[in-house]
Amino acid sequence: MNFNLSKEHIMLQQMYKDFAEKEVKPLAEETDEKEQFPVETLEKLKRYGFMGIPFPKKYGGEGGDILAYAMAVEALSKVCASTGVIVSAHTSLCAAPIYEFGTEQQKEKYLIPLAKGEKLGAFGLTEANAGTDASAQQTTAELQGDYYLLNGTKIFITNAGYADIYVIMAMTDKSKGTRGISAFIVEADTEGFTIGKKELKLGIKGSATCELIFENCKIPKENLLGSEGKGFKIAMQTLDGGRIGIASQALGIAEGALEETINYVKERKQFGKPIAAFQNTQFQLADMYTKIEAAKMLVYKAAFHKENKLPYSKEAAMAKLYASEVAMEVTTKAVQLHGGYGYTREYPVERMMRDAKITEIYEGTSEVQKMVISAHLLK
Amino acid sequence: MKIIVCIKQVPDTTEVKLDPKTGTLIRDGVPSIINPDDKSGLEAALQLKDEVGAHVTVLSMGPPQADLALREALAMGADRGILLTDRAFAGADTWATSCTLAAAIKNLEYDLIIAGRQAIDGDTAQVGPQIAEHLNIPQVTYVEDLKLQEDGLLLKRSFEDGYYMVKVKTPCLITTLKEMNEARYMRIGGIFDAYREKEVDIWNLKDIQIETSNIGLQGSPTKVKKAFTKGAKTAGKVYDVAPKEAAERIIEKLKEKFII
């Protein structure tokens, strides 16, 4: 067993840190405060290759691997969780299913610009009445000659409005239940496709979360991803991969909160000494760090499984379950150790605590992760 | 266009301590970086590559660990890395270093050689100019801006109190200031390339043509007689007074010490 990172990954970590601290961190507070999608950062992310890390060069990617991608989301989320999820949703939920299930022509047309960062991607599965029960899809796609007619509404869609390419799930045959769901590649400027209400959220406020409305959208037949009826499988497998991204985001948030806290407790004095000198502080820090390291092992192991074509559904679910709970716990403790200041916007830990909560919810709630894990144990 | 950029791997701080016995730097535990002036020179070369498609070779003399600095340059976009490393090169002063680098450059084709003005661990600013002398080519130092022209380069040569605009024909050597630009980050795919697709060539003494009397410690006319860490200054005095009075006191003190 070898826990050493390769030379490439060590150099990547250094580059990610450098980039995140200089380019992303200075904007994190404003991104949150103004609920502003970081458009300028996106340009820089594109320039340095963040939008196509795990895809082969022939498809416009960086020729990297899943671990390199996970570490990027981790490093970005350490300073700004909104930026982290933009990269995660784009890569795992849009570019990845096209890479894994797309035809050569679809990859040529959509994956290349996505991986190069020229186009931004998003994914639409969730509906008002189809959340955890994804099988209750009401969006429909009806085959009419050489196109499908898409109708329905998706909600809570990350990168909505800014994305150019969407992977959308819709019912092609209601009578077949989950086997009647198909996946489609939908371009943003398709007639009849509009962006609905923008959600006002507790955290990750810089990430755009909106409704997608499809009214008689004509989707060319060649934009069917995989075959008819394979949508549910594509969605579930895509979410398995997405969970590695969200687990990395959660890990990054926790690491960011710990780093802020370590700096703070060394400076903050009470009863004539820095609060770092108190054993309560020391024990809290020890717990926070230990849990973060445990989460990191799960996240990196899930990335290793996916990279090496080993089964990774359970591993990704465990990584996401644990890392998101650690993120919530660590950020809550970080606020507590900052005391009253931690509750104010003068310090970033309150933002991190708000950002952490979503990691327990999206791309499968913690409860869904437990269902996935136990299903593997009991099969 | 063929460009050679000379880079040096240096400790990432100006606060490294000297070993009082040997007079050399204590490098243990200090992370290494590409010398800032050199990194701007590399960025200038990469910008030329973006503009006109130059081929960029990075060259460094140093211990085997300097491989990391060359890989970083490759990850930023350089095409080729050459590490001059040999026990015989160790302990070189600026003369021996410039002789060795110039000998290596004689094996290569070039239109432009770029070196950083000076290294943060030595501050001599001698190696670049000496290389130009060994190669008998024109040199322009302290370059803060560079424009490609039909018959050569138009350079802004900066000083504390002004600048010259200098035209120079290639092949030539320039030394660059870190203020010249903001160096780019490594590109993610570039990092994979730097380890998987590109190579850092290792050149030893046998790979270059040079008199052994001009290399390493033996070939270095500079001898360090004594090195010492400056003692700490005495604690300053704090005056807790209104800003106006504070300004007056500062001026008074500066006059007293004949600084103004």
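Tutor: What follows starts with one helix pair, then turns to a single residue and to the contact between chains. Keep in mind that this is a predicted model.

Start with H7(A), residues 279-307, and H8(A), residues 313-343. Their axes come within 9 Å and cross at roughly 155 degrees. An angle over 145 degrees counts as roughly antiparallel. H7(A) and H8(A) are therefore roughly antiparallel to each other. Their crossing is left-handed.

Now look at who makes the contact. From H7(A), the residues include Thr281(A), Gln284(A), Met288(A), Ile292(A), Leu298(A), Val299(A) and His305(A). Lys291(A) and Lys301(A) also take part from H7(A). From H8(A), Met318(A), Tyr322(A), Val326(A), Val330(A) and Leu337(A) are among them. H8(A) also brings Glu315(A), Glu329(A) and Lys333(A). Several alanines join in, including Ala295(A) and Ala302(A) of H7(A) and Ala316(A), Ala319(A) and Ala323(A) of H8(A). By class, the contact divides into 14 nonpolar, 3 polar and 5 charged residues.

Next, find Tyr69(A), in helix H3 of chain A, residues 66-79. UniProt, in an unreviewed entry, places the domain "Acyl-CoA dehydrogenase/oxidase N-terminal" at residues 6-118 of chain A. That span is 75% helix and 0% strand, and its end C-alpha atoms lie 29 Å apart. Is Tyr69(A) buried or exposed? The cut-off for buried is 20 or more other C-beta atoms within 10 Å. Tyr69(A) has 31, so Tyr69(A) is buried. Setting aside neighbours within four places in sequence, Tyr69(A) touches Ile53(A), Pro54(A), Gly64(A) and Thr91(A). Ala303(A) sits 234 residues away from Tyr69(A) in sequence. In space, the two are 8.8 Å apart, C-alpha to C-alpha.

Finally, move to the contact between the chains. Chain A gives 15 residues and chain B gives 10. On the chain B side, H2(B), residues 67-76, and H5(B), residues 188-196, each supply at least two residues. H5(B) provides the largest share of that side, 5 residues. The chain B side divides into 7 nonpolar, 1 polar and 2 charged residues.

Stay on H2(B) for a moment. This helix is mostly covered, with 9 of its 10 residues buried. Leu68(B), Leu70(B), Leu74(B) and Met76(B) are among the buried residues. So are the charged residues Arg71(B) and Glu72(B).

Methods: Residues numbered from 1 in each chain as written. Chains lettered and ligands numbered in written order. Predicted model: local features only at pLDDT ≥ 70, side-chain atom pairs only at ≥ 80, totals over all residues. Contact = placed C-beta atoms within 7 Å. Helix = DSSP H or I, 4+ residues; strand = E, 2+ residues; numbered from the N terminus. Axes fitted to C-alpha atoms, helices over the stretch in contact; angles between N-to-C directions. Parallel < 35°, antiparallel > 145°, perpendicular 65-115°, else oblique. Left-handed = near helix turned anticlockwise from the far one by under 90°. Buried ≥ 20, exposed ≤ 12 C-beta atoms within 10 Å, placed from the backbone. UniProt positions renumbered as here; feature names shortened; annotations may be inferred.
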